[in-house]
Amino acid sequence: MNETPAPDVQVPPVPVEVSEATRGTAFVQSLERGLAVIRAFDAEHAELTLSDVARATGLTRAAARRFLHTLVELGYMRTDGRLFALRPRILELGYAYLSSMGLPEVAQPHLETLVSQVHESSSVSVLDGLDVVYVARVPTKRIMTVSIAVGTRFPAYATSMGRVLLASQTDEWLDRYLKEADLRPLTRYTTVEKHLLRAIIEHVREQGWSLVDQELEEGLRSIAVPVHNPDGSVAAAVNVSAHASRGSSDDIRVELLPPLRTAALAIEHDLRGNHR
C-alpha cells in the first residue's frame, strides 16, 4: 500500500500491561499486539496512518499493516487507503464487559435521581490498572475541557473516585501502585509527591470519602464515595463533580456528600438484590 506522507502525529506509546517475566507458555503474543493496535486509537488520535500505529505500538510497518487490515476485514476498523479509524462495532468489546458487570444498569437510575437533586454531573467508575474507567455517567452542563463518556480513563491518583478505589486496596497492592505510577502534575494543584499521596489515600480509607480540589482540572472539584459489593468489598466508586464557583471545598462536602452517600447505598441495595 502506498502511503502519502502525513504530518508527524505524536501518538503516545501503548503501555505494556504484561511483563516478559510473568508471561507463561500459553501467552499469545499476536493477540497482545492486535489489542495494542486497537488501543493506539483514542479521542486525541481518532485517525492514524500506518506509520503512526507502528510507532505507537513498537511494531514493524509490515506487522502493523497485517493487524490493521485484519481489523478492517472484521469490521472493527475502516480506512480510506491512508488513514485508519475505529468503527462503531468496536463497542461490542466494551459493552460485553459492561453487560456482564450489571453495575452500570443498576447504577444509572440512581445517578439520574442524584443529578436531579444536586444539579451536578455524577459518574461511576472502576479501577483498571493505574487508571479509573467510567462505566456509568449522567452529565448536566459540561464543566471540563475534555468530554467524558462511558469508557473514559483518567489517572487514579488525581481523581476523587480513583483515590476511593486506591484506598480500598491492600497496603501491599498500594505499595506496588506507588512504585509504578508516574505522578505527573495535571494542574498546579496536583499532588505528585508519593509520600503525600500515600497519606491522603490512608486518610480517605479512614473517613470513607474523597474530595479532590482542582487536581485533575483547574476549576473542577469532585467528591466520591465507594460502592460495596454484597460481600463488603468495594465494587466501584461514585462521584459528583462541580465547578469551583459553586463554593469552597467545605461547601461541596456539606452540600453534596449526604445525597451522594444516599445514592451509593441505593446502588448497593440493588446490587444485593441482583446477587440474590
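Arg78 has Ala85 as its bridge partner, and Ala85 is in strand 3. Strands here are DSSP runs of E, at least two residues long, helices are runs of H or I of at least four, and both are numbered from the N terminus. This is a predicted model, in which local features need pLDDT of at least 70 and side-chain atom pairs count only at pLDDT 80 or more, while totals for chains, interfaces and linings use all residues. Residues are numbered from 1 along each chain as its sequence is written, and side-chain values use heavy atoms, with hydrogens and water left out.

Back to strand 3, residues 83-86: three bridges join it to strand 2, and the two run antiparallel. They belong to an open, antiparallel sheet of three strands, in the order 1-3-2. Two strands count as paired if DSSP finds at least two bridges between them. Strand 1 (47-49) and strand 2 (77-79) are the edges; each has a single partner strand, so one side of each has no neighbour in the sheet. On average, neighbouring strands are turned by 30° against each other, direction ignored. Axes are lines fitted to C-alpha atoms, for helices over the stretch in contact, and angles run from 0 to 180 degrees between N-to-C directions.

Two helices to mention on this sheet. Helix 2, residues 50-57, touches strand 1 and strand 3, and its direction makes about 90° with that of strand 1. Helix 3, residues 61-73, touches strand 2 and strand 3, at about 105° to strand 2. Contact means heavy atoms within 4.5 Å.

Strand 7 is joined to strand 8, residues 220-228, by four bridges, and Asp213 stands opposite Arg221 of strand 8.

What about the core? A nonpolar core here is a set of buried Ala, Val, Leu, Ile, Met, Phe, Trp, Tyr and Cys residues joined through side-chain atoms within 4.5 Å. Buried means under 20% relative accessible area, exposed over 50%, and partly exposed in between, with a 1.4 Å probe and protein chains only. The largest core has 28 residues, of which Leu103, Val124, Ile223 and Val238 touch the most other members. Helix 9 (249-275) is among the elements that give two or more residues to this core, and it gives the most, with eight. Val238, leaving aside neighbours within four places in sequence, is in contact with residues including Leu111, Val124, Met161, Ile223 and Leu260. Another core lies apart from this one; it has 23 residues, among them Ala156, Ala158, Val164 and Leu216.

Where is Thr152? Its place is between strand 5 and strand 6. Thr152 is buried, at 16% relative accessible area. A polar atom of its side chain lies 2.9 Å from the backbone oxygen of Ala149. Not counting residues up to four places away in sequence, Thr152 touches Val132, Val133, Tyr134 and Ser147.

Finally, the whole chain. There are nine helices and nine strands, and buried residues make up 43% of the 276. Of contacts between residues at least 6 apart in sequence, 58% join residues at least 24 apart.

Note on methods
A polar contact is a pair of N or O atoms within 3.5 Å; within protein, one must be able to donate a hydrogen and the other to accept it, and residues adjacent in sequence count only if both atoms are side-chain atoms.
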